[in-house]
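Student: Could you show me how to read a structure like this one, feature by feature?

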Amino acid sequence: MIDFTFTEEQELFRKAARKFAETKIAPHVPVMEKTNRGWDEVVRALAEAEMFAITIPKEHGGLGMGYVARLIALEEIARVSVATAMMYQVFGLGIEAFIKSGTEEQKKKYLPRLATGERLATVAVTEPSGGSDPKGCRTKYKKVNGTYVLNGRKCFITNSHTADVQVILAVDEDNPDSLTTLIVEKGMEGFKPTHEEHKVGMRGCNTGEIEMKNVVVPSENVIGGEGKGLKVAMAAISDVGRGGMVGCALGLQQACLEASVKFSNERILYGKPISNLQAIQFKIAEMKIDLEAGRLLGYRAAAMQDKGERSGNEFAVAKYYTTEAVQKAAKMAVDIHGGYGCMEEFPVTRYLRDSFVLGPSAGTSDIMKVIISRWALS
Amino acid sequence: MLKIVVCVKAVPDQSIADKLKIDPVTKSLPRLDIPLVINSLDSHALEAALQLKEKYGAHITILCMGPPPAGNIVRECLALGADKGILLTDPAFAGADAFATAYTLAKAVEKIGPVDVIFCGMASSDGATEWVGPEMAAFLSIPVVTMVREIVKDQGDEWIVNADYEHGYRRVKLKLPAVITVTRDLNQPKSLSFSGILNARSKEIVEWNREKLDIPAERVGLKGSPTYVTEMAHLESRREVEILEGSLEEKVERLVQILSDAGVV
């Protein structure tokens, strides 16, 4: 028999995560929205709250709490700030590359400081030539005297300017079939973050470009083995990356639903709250249905991940479903608010803008369908 | 090492206060199906204990009387840093007033053994009688200081505290063991941490019922309560609106009439 309930401990995690988000993250949201910055404060708060340690094993300085706990934390943070949740989930993506593919030496070197938030990680795959086609990568490395000299550019990288450690996918200049992931650290000569993006949503979430000009990467910074780069990157993205997007989408859906319920109970038309009107009730019901369904899909995949099972396909389904659902939910929330839904003082306008950015992140909905159809047809 | 007991009550979550339903028979709030949270002032009581533990070392026992779901609140207290939890739970305890509650808690303290100090929040957010702490002290024949806002001296067995008093405070010297009820001015409770939640896995929660405490049935719950609630109702605040019409003079005349009828002028 399947038990669909959270444990008492998981409920406590949720309570702690919710209180953290409401007291430590929420106060920074207005500044992040207005200035498209302010991430230092929330990143610091995430570190103090032990958020970075959640998936890192205890033997490497983490809490070893697993991926269901991570999803709970993401959902609660996203309910308050999707921008913060997005940064947090991509830090987790960077951490995952080490957990899944790092050597013991690499784990010992990087994970303890990643756990405390003293250092921050990210993964850089997308390029101007495409993100849905990682094999079309044009960032190149050339092997010179046992080192890897890296040249290229990545774009749309979350935490481009904040991460200290970036796991970068590059192709062998002399062998286009060989892709390798290399650890590049802030301060390495020739490596620098460049352009910062101004996205339609998730303002305050650092997104930008990085440039590598003859960056000399030592051989001990190859992660997962030479030529195994695609496997390393996709292993992290398929579970943790997509799982992170599910958390962001679920939290935002919850926020849309809460805002819609509140407004519809307070807004009086024809002498009654508009929550009495079927048109409004049906929208709220749709939001609720999608949220419940999305939760089941997401937490099932996370539970499989905690058991050590392959969960990439399940996360593809959950990612597709929740990121599509949240865009619908945000539009419905704006509709319920009527004219007020166009006014920036109402959070639903931010929810709508944030929802757009969830769709293409960690793989577009069409790419998810490609993955899901392969699964169904196999 | 200090031996501290913190009395914690699981109370209805105030954020859903408008959804609470009163039991028409017992005139109380059924706690089984509603979200429960730690009574706010008890968080300050626990924080006082935790600060002493950090300074001098202490063993903190959480004592909570409530239905089985209140065990989650005890677990939360362990996650915050307490060492052991005792849940006093028995259908016979239901409907207890402050007197019966204090008696039950006092019997539990006797069963725990010698303690140095018992912290309680000054009042609960639902009952708000402020009587449980003083009545516990009476049953245990130990001193009590209520409404403590500052602990000035906390070493040895003679403490000095400042307690709210009308528009100021009084400074009280008290000999341990004692009961101290606290106000929110005493401290700022810490938040739950993930590592605290994980550490709570290894901490014990035991359940004691009436039989375990060896208390006669007529001393607990509704049966053991010399006071009982006869009526409980939602207070509805209503506003009547009258829009004054006419010329300025007519509106002023009407306004004066309204105020005069209300006894204001």
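Tutor: We will go through confidence, the sheet, the helices, the contact between the chains and a few backbone details.

Student: How confident is the predictor in chain B?

Tutor: Remember that this is a predicted model. Where pLDDT is low, the predicted coordinates should not be read in detail. In chain B the mean pLDDT is 91, and 94% of its residues reach 70 or more. Among the elements of chain B, strand S2 (residues 10-12) has the lowest mean pLDDT, 91, while S5(B) has the highest, 98. The model as a whole scores ipTM 0.84 and pTM 0.88.

Student: In what order do the strands of the open sheet in chain B stand?

Tutor: Strands of a sheet pair through backbone hydrogen bonds, either parallel or antiparallel. Here the open sheet of chain B has 9 strands with mixed pairing, in the order S9-S8-S7-S10-S6-S1-S4-S5-S11. Strands S9 (168-175) and S11 (204-208) of chain B each have a single partner strand, so one side of each is left without a neighbour in the sheet. Neighbouring strands of this sheet are turned by 35 degrees against each other on average, direction ignored.

Student: In which sense do S7 and S10 of chain B pair?

Tutor: Strands S7 (residues 144-153) and S10 (residues 178-182) of chain B pair in the parallel sense over 3 bridges, and B:Val148 stands opposite B:Val182 in S10(B).

Student: Which helix of chain B packs on the sheet, touching S1, S4, S5, S6 and S11?

Tutor: That is helix H3 (residues 98-112) of chain B, whose direction makes about 145 degrees with that of S4(B). Helix H4 (residues 132-140) of chain B lies across S6, S7 and S10 of chain B, and runs at about 95 degrees to S7(B).

Student: How many residues of chain A are in contact with chain B?

Tutor: There are 12 residues of chain A in contact with 11 residues of chain B, and the side of chain A that touches chain B has 7 nonpolar, no polar and 5 charged residues.

Student: Is B:Ser141 buried or exposed?

Tutor: B:Ser141 is exposed, with 8 other C-beta atoms within 10 Å. This residue lies in the loop between H4 and S7 of chain B, and has a positive phi of about 55 degrees although it is not a glycine.

Student: Which peptide bond of chain B is cis?

Tutor: The bond from B:Leu176 to B:Pro177 is cis, with omega near 0 degrees, and B:Pro177 is found in the loop between S9 and S10 of chain B.

Conventions. Residues numbered from 1 in each chain as written. Chains lettered and ligands numbered in written order. Predicted model: local features only at pLDDT ≥ 70, side-chain atom pairs only at ≥ 80, totals over all residues. Pairing = 2+ DSSP bridges. Helix = DSSP H or I, 4+ residues; strand = E, 2+ residues; numbered from the N terminus. Axes fitted to C-alpha atoms, helices over the stretch in contact; angles between N-to-C directions. Contact = placed C-beta atoms within 7 Å. Nonpolar A, V, L, I, M, F, W, Y, C, P; charged D, E, K, R; others polar. pLDDT = per-residue confidence, 0-100. Buried ≥ 20, exposed ≤ 12 C-beta atoms within 10 Å, placed from the backbone.
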